[in-house]
Amino acid sequence: MTSETSLSPAPAAGSGGTGAPLSLAEFQELTGAIMQNLESVIDGKTEAATLALVVLIAEGHLLVEDVPGVGKTTLAKALATSVGCSVSRIQFTPDLLPSDVTGVSIYNQSDHAFEFKRGAVFANIVIADEINRASPKTQSALLECMEEGQVSLDGTTHPLDPPFIVVATQNPIEMEGTYALPEAQRDRFMVRISMGYPDAAAELQMLHQRESGSPLDKLTAVVDKQQLAAMIETARAVYVSRAVESYVVSIVQATRVHPEFRLGASPRGTLHLVRAAKVLAALSGREFVVPDDINELVVPVLAHRIVATRRAASDSRGGGTQAIADALRAIVASTPVPLNRSRAV
Amino acid sequence: MSAPTALRPPSAPPPERGGRAPSAGRAPGGTPPALGSFARRRATRTGSWKSTLAVAVCLGIALAGLAPLLQGGAWWIATMSMVVVVLAVGAVLRGRGAPEVVVVSVSAFVWGGLVVLLYAGSTLWFLLPTFSTLSDISGDLAAARQAIAEQEIPADAGGAITQLIVMAVGLIAIVSDELATGLRTPVLSGAGPLAVLAIAPLVNRTDPDVPVYVLAAAAFLLVVWCSSRIGAESGRARPPSHPGRGRVRGGRNPGLAVGIAAVAVAAMVALPTVTPGLTAQSLADDSASSPFSSVYGAGIDPTIQLGRDLRRNDPLLSLSYTTSASHGLYLKMVNLSDFSTGIWQPETPQGAESYVGQDFGTPQGLAADVPTAEVTTSISIATLRAEWLPLPYPTQRVAGLSAPWVLTPSSLTVTSDQAATQGQNYEVTGLSVEPTAEQLAAAGSVIPVALSGFLSLPADLPAVISDTARQVAGSAATPYDKAVALQQYFRSGQFSYSLNAPDSSSYSGDNTQMIAAFLQDKTGYCVHFSAAMAVMARSLGIPSRIAVGYAPGQGANSVSDGAAVYDVYTNQLHAWPELYFEGIGWLPFEPTPGLDFTPPDYSLPDYAQAGVSGAIGSTRAASTPSADPNAARDLAQNVSGTQTPEQEALGQVRGWGTVAAVLGGIAAIVLLPWFLRALRRRSRVRRIASDERPATLAWTEFEDALDDHRVQRSAGDTLLDLEQRVHESVKLPATVVDRLRREVEFEQYAAPGSASAQTRASIRSELLELLSALSSGASSQRLWLSRLLPVSLLRRRRAAAPTRSLVP
C-alpha cells in the first residue's frame with residue numbers, strides 16, 4: 001500500500017487506529033446500516049452511494065462531477081454523519097488562499113510563540129465544493145494534504161485525523177473563469193462519479209420527504225470511528241488471486257495502447273482499482289475478489305485518469321467522458337476473463 | 001445475499017457490455033441488434049458468389065484434365081451444367097442470407113432431384129424417387145464401372161460413364177463450394193478439384209498434362225483469394241468478434257501464396273525432366289526398379305502384376321475362347337527363360353519377323369514321329385491389354401489379327417510394341433502333342449547346344465535348391481522321370497497354395513533367395529511353384545523356362561456353334577514351367593497344387609508305367625473337382641467371375657450391400673460429432689469426481705452445452721455475465737446456475753486453502769440438472785442442431801495462465 005491517506009503516523013491512533021478485523025457478517029451489517037442512512041437522504045442513487053462507501057472504506061478520495069443541486073453535498077454530509085465523523089466544507093472561490101485550506105500560524109503575543117490555527121482541512125470528511133473555481137495554488141494545497149495525510153507548515157507537521165476523505169465536486173458545465181483539475185491531480189482521486197438527475201419517481205418521493213424538513217437532521221451515527229477502522233482492516237484482508245491481478249493488469253495495459261486514448265491509466269489507477277475491488281467484494285460478502293468486482297469499478301476508477309484523443313472527444317457528447325466510458329467498457333468486454341481449467345478439458 | 005455485487009441493484013438489467021459501444025469497434029457481436037440474422041449474414045457474405053464462381057472454374061479446368069480418357073466433349077458440357085446449376089442454387093441462397101445448413105441441403109436436394117430426373121427411369125409422378133429408382137441408379141453405376149473397365153482409352157463417354165461423372169462431380173462441387181465459400185476453408189476445398197485431376201494420370205499412367213495443372217493451380221489460387229475476400233467489401237469492418245481472425249485466414253498476402261504455388265508448379269514440371277525415370281507410372285508401381293515395368297505395358301507384368309491381378313477382388317473377364325480340343329487350353333503369352341542373373345528375365349526375341357499370316361514353323365525339338373493332332377481355337381479378347389498375344393503352345397498359324405504383330409519363330413510367341421490385344425478376335429491353329437510313353441522315356445538324353453542358355457544358373461544358387469532337386473529326383477533314370485518326380489514333389493500335399501503369404505518383396509520377386517525361402521515355407525502361388533520347378537529342373541540338367549499366360553479358364557457355361565465357350569478371368573493368370581526334352585520339345589508341367597487344374601496326363605507318374613499311348617488330356621475337364629483342401633476355396637474364387645443366375649442375384653445383393661454400406665457410412669459421418677461430443681461429456685462428468693477443479697470442469701461442460709445450443713455468449717463475459725445472459729435466452733433453474741457459478745468463483749479466485757462449500761457429488765448433480773434442463777427446454781430444432789453439429793468440438797481453449805504478481 002502507498003502512504004496516501006496514511007494512518008500510521010497519527011498520534012491519535014488510539015481512536016481511529018487499526019482495529020481488529022471484523023467477520024464478513026458484521027462488516028455487512030455495518031455497511032448495510034450506513035447504506036440505509038445514505039439512501040434515506042438521497043433517493044435512487046444506490047450506485048453513487050455505494051461508490052462513496054467504497055471510497056470511504058478503501059481510504060481514497062472521491063471526485064463528484066455534476067451540475068449543482070443534485071445532492072453532492074448531501075451525500076457527503078450523510079456519509080460523515082453516519083460514521084460519526086467531523087465534516088467540514090470549503091466553498092472554493094477564485095480568491096480562496098491555501099492558508100484558508102490548510103491553516104495558518106499566527107503569532108500569539110501573550111505566549112510569544114506562533115500558534116497554529118487549523119484550516120478547514122482538519123476534519124474527517126472534507127467537502128471541497130467547486131474545486132475548479134479556486135486558483136491552482138489553492139487546489140495544490142488541498143491535493144498535497146490528500147496525498148500526504150498531513151499539513152506541514154513552518155517546519156511543523158500537523159497530522160490529519162483518520163479517516164480522512166476528500167469529496168471534491170466539480171461543475172463541468174460552467175467552464176469560464178475556472179481552473180479545471182489537471183490530469184495529474186485528477187489521478188489522486190480514487191473514484192469519480194457523477195450523480196445524475198434522479199428519475200421522476202425518486203424526485204417525487206424526495207418532495208414528500210422534504211416537506212417536514214431536511215432528512216439530514218434525523219440521521220444519527222451508526223458506526224463509530226473505531227468500527228470504521230476495523231472495517232477498513234477487514235476490507236484490506238480480502239484476497240486477490242493471481243488470476244484476478246493479471247486480469248486487472250491486462251485491462252489497465254489495454255488502456256495504454258487503446259487507439260482512442262492519448263493517455264492511459266496510471267499504475268496508481270491499478271492500485272486504486274484493486275483496493276476498491278476488495279471493498280466491493282467485502283460488501284458483497286465475499287472473502288475474495290472476482291472479475292465482476294473489477295468490471296464494476298473500471299469506469300468509475302479509471303475513466304477520470306484517461307485522456308481521450310481529440311477525435312474521440314469531439315466525436316461524442318460530454319467532452320469525451322462518454323467516449324472514454326464506452327471505450328473502457330469495450331476493453332472490459334474484450335479482455336478474456338481468467339479461468340484456470342484443468343489440462344485435459 | 002440478494003444482489004451479487006453491491007453496485008448492481010437486483011432488478012437492474014445485466015450490464016450489456018457487449019455491443020454497447022459501436023464506436024469502440026471492439027465489442028463482441030458488434031453488429032447492431034436491429035439487423036436480422038439474414039441481413040447480418042448477407043452483410044458478412046458480400047462477394048461470396050465470386051468464390052463460388054472460382055470453385056466452378058477450378059472444377060471445370062480439373063474436369064478438362066479427363067479429356068485424354070474420354071472421347072468427345074458432351075460429357076464435359078453435361079457435367080459443367082450440373083455444377084453450374086447446383087452452385088448457382090447455393091450462391092443465390094447465400095446471397096439472400098440463408099444459413100449454411102439450408103444452402104447445403106437445398107443444393108444437395110437439387111443435385112438429387114436432377115439425378116433422379118435425368119437418370120432414373122422409374123419415378124413416381126416424375127420426381128418422387130421410389131425403391132426401383134435407387135436400383136436403377138445403382139444399376140447405371142454398375143454399368144458405368146463395367147464400361148470403364150472394358151473400354152480402351154480414350155473411352156466412348158456413353159450414358160453410363162457421363163452419368164457417373166455428372167453425379168460425382170456434382171457432389172464434389174457442393175462440398176468444395178461449401179468448404180471454400182461457406183466454411184471459408186478454401187485450402188481444404190482444393191481436395192475436390194485435385195481428386196478430379198488425379199484420375200487421368202492414375203488411369204492413363206501418363207505424365208500429367210502440364211497446362212491443365214497450371215491452369216487448375218491458378219484457379220485454385222483464385223478460389224483461395226475470393227474466399228478470403230468474402231465480406232471484405234461490405235464497407236463495414238469485419239465481424240468484430242474476431243478482430244485478428246480475418247487476417248490469419250489467408251489471402252492477405254497474395255504475393256506469398258502466388259510464390260509458393262509457382263515454386264510447386266515449377267517443381268512439378270521440372271522434376272520429371274530432371275529425373276527421367278520418375279513418372280506417374282513409376283510412382284504408382286511399387287517396384288520401380290523391376291525391369292519388367294519398362295518391358296511390359298499396362299496389361300500383365302509376369303511377376304508383380306500377376307500376383308496383384310490374382311488378388312483382385314472383382315475379377316474381370318480377360319478373354320474367352322472356343323476350341324476344338326476336348327479340354328481347356330493353357331494360353332501362353334511370354335516365356336521367362338533367362339535366369340543367369342538370378343532373376344527370371346523374359347527371353348530376348350531372336351529373328352523376330354513381322355507377322356502377316358505365315359506359318360509358325362515346326363515347334364522346337366519336336367520329332368516327326370511324335371503323334372500330333374491339329375486343334376483350332378477361336379480367341380476373343382475382352383479387357384486384356386498387353387503387348388503379348390495369348391496363344392496355346394505350340395501354335396502353327398494365327399488368322400484374323402489386326403494391328404501389326406511380330407512373330408518370334410524360336411519361341412512361337414507373337415508380340416507387338418503397343419498394347420494392342422484389346423478387342424482382338426483371332427483364329428489359332430495349333431497342335432496337340434501326344435507322345436507315347438516310350439518316346440517320353442527316350443527323350444531328353446541329349447541337349448542341343450542352342451539350348452544351353454536354358455540351363456544357365458547363377459553362380460550363387462543356394463545349395464538347398466540343387467540338394468532338394470537331387471533328393472527329389474532320387475533314383476529316377478531318365479530326364480523325363482526326374483521331371484515327373486519334381487512335379488509330384490510339389491503336388492504331393494506338402495505344399496499349399498496361398499496368394500497372401502508370400503507378399504513381401506523378398507518373396508514376391510523371383511530370385512534365388514525367394515525360391516530357397518519358398519522351399520522352406522512350402523507355401524506360395526503359381527509364380528513360386530513354377531520358378532522353383534524350373535530352377536530345380538535346370539539343376540538336374542533339364543532345360544527349362546517359365547511360361548506366363550492364362551490357365552484354361554472356366555468350363556463351358558455357354559455353347560457357341562456347338563463348341564464350348566471358355567471364359568478366362570484375370571484371376572486365372574498363371575505361370576507354369578515348360579521343360580525341354582529333345583525329340584518331343586517343350587512340354588508344360590503343372591506343379592501348382594490347390595487349383596482345379598490337373599496336370600497333363602503325360603506328366604503323371606502312372607502314365608509312363610501304365611504305358612498308355614493315347615491323347616494327352618483326352619478326358620480332363622478343367623473343372624474336375626480335386627481332392628486338394630484348398631481347391632474348394634479356389635474354385636469359389638474362380639467362379640465369382642461367372643454370371644450364373646444365382647450369382648446375378650448375389651451381385652444384386654452385393655449392390656444393395658454397397659448402397660447400405662454407403663448409407664451407413666454417411667450415417668456414421670453424420671453421427672460422429674454427436675458421438676464425440678457425448679464421449680467428451682461423459683468423460684467430464686466422470687472426471688468431476690477426481691479433477692482438482694471440479695466446479696470449473698462442470699462449468700466448462702455447461703459452457704460447451706450452451707455453445708451447442710447456440711446460446712450467444714462473449715469471450716469477455718465473466719461468470720456472472722454469462723449467468724445473466726443465459727437467463728435471457730434459455731429457461732434454466734436460476735438457483736442451480738447461481739450455486740454452480742459461486743462454486744466456480746470460489747474455486748478460481750478464493751484464497752488457497754479455503755474450505756469449499758459444495759461436495760463433488762452436488763456439483764455433479766447440479767451439472768446434470770442444468771444439462772437436462774437445457775435439452776428439455778430447447779425446441780426440437782435447436783436440440784438436433786446441438787446434437788448433430790456441436791460447435792463446442794471446434795473450439796480451442798486457451799489456458800489462462802496467471803502472470804507474475806504485479807499488484808501487492
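Predicted model: local features only at pLDDT ≥ 70, side-chain atom pairs only at ≥ 80, totals over all residues.

Mentor: Let us begin with the words helix and strand: they are DSSP runs, helices (H or I) of at least four residues and strands (E) of at least two, numbered from the N terminus. Residues are numbered from 1 along each chain as its sequence is written, and chains are lettered from A and ligands numbered from 1 in the order in which they are written.

Trainee: What is the peptide bond from Tyr393(B) to Pro394(B), cis or trans?

Mentor: Most residues other than glycine have a negative phi, and most peptide bonds are trans. The bond from Tyr393(B) to Pro394(B) is cis, and its omega is near -10°.

Trainee: Why does Glu130(A) count as partly exposed?

Mentor: One counts the other C-beta atoms, placed from the backbone, within 10 Å of a residue's own: 20 or more make it buried, 12 or fewer exposed, and a number in between partly exposed. Glu130(A) is partly exposed because it has 18 C-beta neighbours inside 10 Å. Lys522(B) has 13 such neighbours and is therefore partly exposed. Of the 808 residues in chain B, 37% are buried.

Trainee: In which order do the five strands of the open sheet in chain A stand?

Mentor: Two strands pair if DSSP finds at least two bridges between them. The order in this sheet is S2-S5-S8-S1-S9, with parallel pairing. Strand S2 (87-91) and strand S9 (191-193) of chain A are at the edges, each with a single partner strand, so one side of each has no neighbour in the sheet. Five bridges join S2(A) and S5(A) in the parallel sense, and Val87(A) stands opposite Ile125(A) in S5(A).

Trainee: How many bridges join strand S6 to strand S7 in chain A?

Mentor: There are four bridges between S6 (residues 150-153) and S7 (residues 156-159), and the two strands run antiparallel. Val151(A) has His158(A) of S7(A) as its bridge partner. The two strands form a hairpin with two residues between them, and Asp154(A) in the turn has a positive phi of about 55°.

Trainee: At what angle do the axes of helices H10 and H12 of chain A cross?

Mentor: Axes are lines fitted to C-alpha atoms, for helices over the stretch in contact, and angles run from 0 to 180 degrees between N-to-C directions. The axes of H10 (residues 242-257) and H12 (residues 291-302) of chain A come within 11 Å and cross at roughly 30°. The helices are therefore roughly parallel, a term for angles under 35 degrees. Two residues are in contact if their C-beta atoms, placed from the backbone, lie within 7 Å. Among the residues making this contact are Val244(A) and Tyr247(A) of H10(A), and Pro291(A) and Ile294(A) of H12(A).

Notes:
Parallel < 35°, antiparallel > 145°, perpendicular 65-115°, else oblique.
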